[in-house]
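The structure is shown below.

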Amino acid sequence: MTPRPGDHVRLLVGALVLGHLDDDEATAVRAHLDGCPTCREEAAQLGPVAGLLGLADPDRVGAPAEPPREMLDGVLARIDRERAVRSRTRRRSILVRSGAVAAAIAMVIAVALIALWPREPSGPSGELVAMTATRPGVLGEAVIHEDPRSTWVELTTSGLSPGRTYAVWLEESSGDRSPMGTFTGVEGDLYISLYSTLPRDRAASIGVSAPDGSVVMEGAIPDPVPA
Amino acid sequence: MGSARFDLDESGIRAAYSAHAREMFGFAVRSLNDHGLAEEAVQETFVRAWRFGDRFDPQLGTVRAWLFAILRHVVIDIARARAIWPEPTSDEAMQRATDGVASAEDRLEHALLAWQIEEALRRIGDDHRRVVIETYYRRRPYAEVATELGIPEGTVKSRVYYALRALRLALEEMGWDDSSAG
């Protein structure tokens, strides 16, 4: 390929934007840029890239971290669990609505259903905690997972006011609460996943509060089963 | 690289995982500096993606961009819950972070950029990466690098030029956009 006029200068633009040219070379290249829109555009394209290089750690450029083989199995297992929780919540919700009874009675039925619902065994799939709602039409259940480094909770609710912000917390037997995060109510079922640094064996209950601080639902967390 | 849609069945999850999980894990490790937490973050990201898969709009972006947007939130959640900060980047980045508002989000953005640049450096050719590492990061004179590589000094300069172009291309492929880079 025949070099075009200015090619040799264009090839210096990389060193220019890195500040690697000596004064004479830099002056010559800048003078060329003044009259060459192509090379000027080149410098404009490469300048931001040069400006980012300082963020990187060259010692990390070697072999990238490889995900563990079992990571995909973990994804699929968690999706299966969530699918199962959703399915149960939907069945319960349909049962409550189809009763067409007074809201108070519906709540009693819902609470009873939650209380009677078979417990999932604790372990990798988590432990199901029934939530008792203080308001009619509100349903909720939590799956508590114990992790060596934390407690994480999958919370499924329905019937909360769309657009309102709710806070989730874990409470110790002393009454101290550890906030886990907030979420916004939506129409229909809502599923969220939250983490807490409070160890599972110190959490006595899990609850959800409305913005005014009133408890919307709460469930007692059973003592952990010894391994 | 990004597929046009996000399928909610198992094969769809597997396809998205196969295409993006390695990259996502690399970013999560870079941000959280812990392989176990990174694994947790990637798993949580795919679960959320499955949960909200019907909201994915291919008109708005690729599956990859969508997954990374979720991953950023997950990493912030985990970092907050465990009161850890994303891993600092280089001294320069640390300086910038402490000069300004060093919120977890800011540091995460720095970690994301740092990881993108490191990933871009991995993606470009060996010859191009070598001259950038030697001349920029190790601050070695071009003449010395030229002698070591057995090539003219002018060739080192032109390789630096082509290396920066390749880096830009790699960054753009990863969704970097200098109009929002500040």
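In this predicted model, 52 residues of chain A are in contact with 60 residues of chain B. Between the two chains an area of about 5,300 Å² is buried, and carbon and sulfur atoms give 65% of that area. On the side of chain B, B:Trp50, B:Tyr161 and B:Leu164 supply 13% of what the chain buries against chain A, more than any other three residues.

**The largest pocket**

The largest pocket has a volume of about 860 Å³. Its lining consists of 28 residues, and those nearest the centre are A:Thr182, A:Ser193, A:Leu194, B:Arg48 and B:Asp77. Two or more lining residues come from each of strand S6 (177-184) and strand S7 (190-196) of chain A, and from each of helix H2 (35-51) and helix H3 (63-81) of chain B. H3(B) gives the most to this lining, with eight residues. By class, the lining of the largest pocket comprises 16 nonpolar, eight polar and four charged residues.

**Helix packing**

Two packed helices are described by the angle between their axes and the distance between the axes. The table gives these values for one pair in each chain.

| Helix pair | Angle between axes | Distance between axes |
|---|---|---|
| H3(A) (residues 23-35) and H4(A) (residues 37-52) | roughly 115 degrees | within 6 Å |
| H1(B) (residues 10-32) and H3(B) | about 35 degrees | 10 Å |

In chain A, the crossing of H3(A) and H4(A) is left-handed. On H3(A), A:His32, A:Leu33, A:Asp34 and A:Gly35 take part, meeting A:Pro37, A:Cys39, A:Arg40 and A:Ala43 of H4(A). The residues of this contact comprise four nonpolar, two polar and two charged.

In chain B, H1(B) and H3(B) cross in a right-handed sense. H1(B) brings B:Ala16, B:His20, B:Glu23, B:Met24, B:Phe27, B:Ser31 and B:Leu32 to the contact, while H3(B) brings B:Val63, B:Arg64, B:Leu67, B:Phe68, B:Leu71, B:Val75, B:Ile78 and B:Ala79. Eleven nonpolar, two polar and two charged residues make up the contact of H1(B) with H3(B).

Definitions and conventions:
Residues numbered from 1 in each chain as written. Chains lettered and ligands numbered in written order. Predicted model: local features only at pLDDT ≥ 70, side-chain atom pairs only at ≥ 80, totals over all residues. Heavy atoms only, no water. 1 Å grid on protein atoms, 1.4 Å probe; cavity = no way out; pocket = protein on both sides within 12 Å on 5 of 7 lines; lining within 4 Å. Points joined across faces, edges and corners; volume = space filled by probe spheres on them. Helix = DSSP H or I, 4+ residues; strand = E, 2+ residues; numbered from the N terminus. Nonpolar A, V, L, I, M, F, W, Y, C, P; charged D, E, K, R; others polar. Axes fitted to C-alpha atoms, helices over the stretch in contact; angles between N-to-C directions. Left-handed = near helix turned anticlockwise from the far one by under 90°. Contact = heavy atoms within 4.5 Å. Buried area = accessible area lost by both parts, 1.4 Å probe.
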